[in-house]
Amino acid sequence: MNAIENFLQSKRKVVYVLLLLFCFLPMVTPPVALFTGLVFALVCGEAFPGFTKKSSKYLLQVSVVGLGFGMNLHESLASGREGMVFTVISVVGTLLIGSVLARRMQVDRKTGYLISSGTAICGGSAIAAVGPVIKANDHEMSVSLGAVFILNAVALFLFPVLGHLLDLTQQQFGMWAAIAIHDTSSVVGAGAAYGDEALKVATTVKLTRALWIIPVAFVTSFIFKSKSDKVYMPWFIFLFVLAMLANTFLSLPALLTGSMVWLAHKGLTLTLFFIGAGLSRGVLRRVGMRSLTHAVLLWLVIGVSSLAYVWFFC
């Protein structure tokens, strides 16, 4: 039996490596990479779970920094300023509505709060920051992360289609994606699929929202009466800002900045393959219908309300 399992495991790893190489091809887009990883995980299971998890985390951060070399500070500030008020309202409102929904649906308090935090701010990064503060256990963390990752995968395919059906402008779609999609990876992927301007707006607004990790984690420590001082700091956001400043005020060669942006896009594509490859059947089973329903309902609330905002005010 062990011999058969070892044989299947080796074959699984070969397929994984071949699909990873496939994602390097120029015609492979972020949604295709995510779908490829998702199919592999559901059909074959996990091949390199530790490598996949770490790669998706760090490669995303490096890719986001690289995108900063293709952005102008003045344009980005204009984009971020337009959605600042609604950002504040949506973050606080999502946390409150999510907590009420979790209580009404009898979802575990910590799991419900983690899902609400991930939906309100920036998906897995927010959950990773808030989890230690509320002393969430492995099951609560895996359930909330699984729910958010599932919806991220759906959003990456669904949002560009809905954007075109609704005839949203690049500005409107970028703002909507940044507010309504959980993780930065899927926000950037959806923005890239919609257009260059949508990508710039989506990335800037999403990274502005991500800064809310700090005050939310601080307030959470009082709500859950925890004195933990271990709060995840998204340092890559500050590096992204530095890259944008360099591109705005320094006379960097076009070849250099263009290469950095190209590498960032390719890194994003690989990141989404890793995220898809991490959504195995085991992850889906751990989430459960009640927690997933809570996550979906909360997602619909923020998705519809943010769409109404960009439709009438952007």
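Here is a friendly conversation about the predicted model shown above.

Colleague: How is the model numbered, and which pLDDT limits apply?
Modeller: Residues are numbered from 1 along each chain as its sequence is written, and side-chain values use heavy atoms, with hydrogens and water left out. This is a predicted model, in which totals for chains, interfaces and linings use all residues, local features need pLDDT of at least 70, and side-chain atom pairs count only at pLDDT 80 or more.

Colleague: Which element has the highest mean pLDDT?
Modeller: pLDDT is the predictor's confidence in each residue, from 0 to 100. The chain mean is 81, and 89% of residues reach 70 or more. Helices (DSSP runs of H or I, at least four residues) and strands (E, at least two) are numbered from the N terminus. Among the elements, helix H4 (residues 73-82) has the lowest mean, 64, and the highest, 92, belongs to H9.

Colleague: How many helices and strands are there in the protein chain?
Modeller: Using those DSSP runs, the count for the protein chain is 16 helices and 0 strands.

Colleague: Is helix H9 largely enclosed or open?
Modeller: Buried means under 20% relative accessible area, exposed over 50%, and partly exposed in between (1.4 Å probe, protein chains only). In the protein chain, 52% of the 314 residues are buried. In H9 (residues 170-180), the buried residues include Phe 173, Trp 176 and Ile 179. Because 10 of its 11 residues are buried, H9 is largely enclosed.

Colleague: Which residues does Phe 173 contact, leaving aside neighbours within four places in sequence?
Modeller: Contact means heavy atoms within 4.5 Å. With those neighbours left aside, the partners of Phe 173 are Phe 159, Pro 160, Gly 163, Leu 168, Ala 190, Gly 191, Tyr 194 and Ala 198.

Colleague: Which helix supplies the largest share of the lining of the largest pocket?
Modeller: On a 1 Å grid over the protein atoms alone, a pocket is an open set of points where a 1.4 Å probe fits, with protein on both sides within 12 Å along at least five of seven lines; lining residues have an atom within 4 Å of a point. The largest pocket has a volume of about 870 Å³. Of its 35 lining residues, the closest to the centre are Lys 53, Ser 56, Lys 57, Leu 145 and Phe 149. The largest share, 9 residues, comes from H3.

Colleague: Is Thr 119 buried or exposed?
Modeller: Thr 119 sits in helix H6 (residues 109-120). Leaving aside neighbours within four places in sequence, Thr 119 contacts Thr 94, His 182, Leu 298, Trp 299 and Ile 302. Its relative accessible area is 2%, so Thr 119 is buried.

Colleague: How far apart in space are Arg 281 and Cys 44?
Modeller: Arg 281 lies in helix H15 and counts as partly exposed, at 43% relative accessibility. Not counting residues up to four places away in sequence, Arg 281 touches Ala 41, Leu 42 and Val 43. Arg 281 and Cys 44 are 237 residues apart in sequence, yet their C-alpha to C-alpha distance is 9.5 Å.

Methods:
Points joined across faces, edges and corners; volume = space filled by probe spheres on them.
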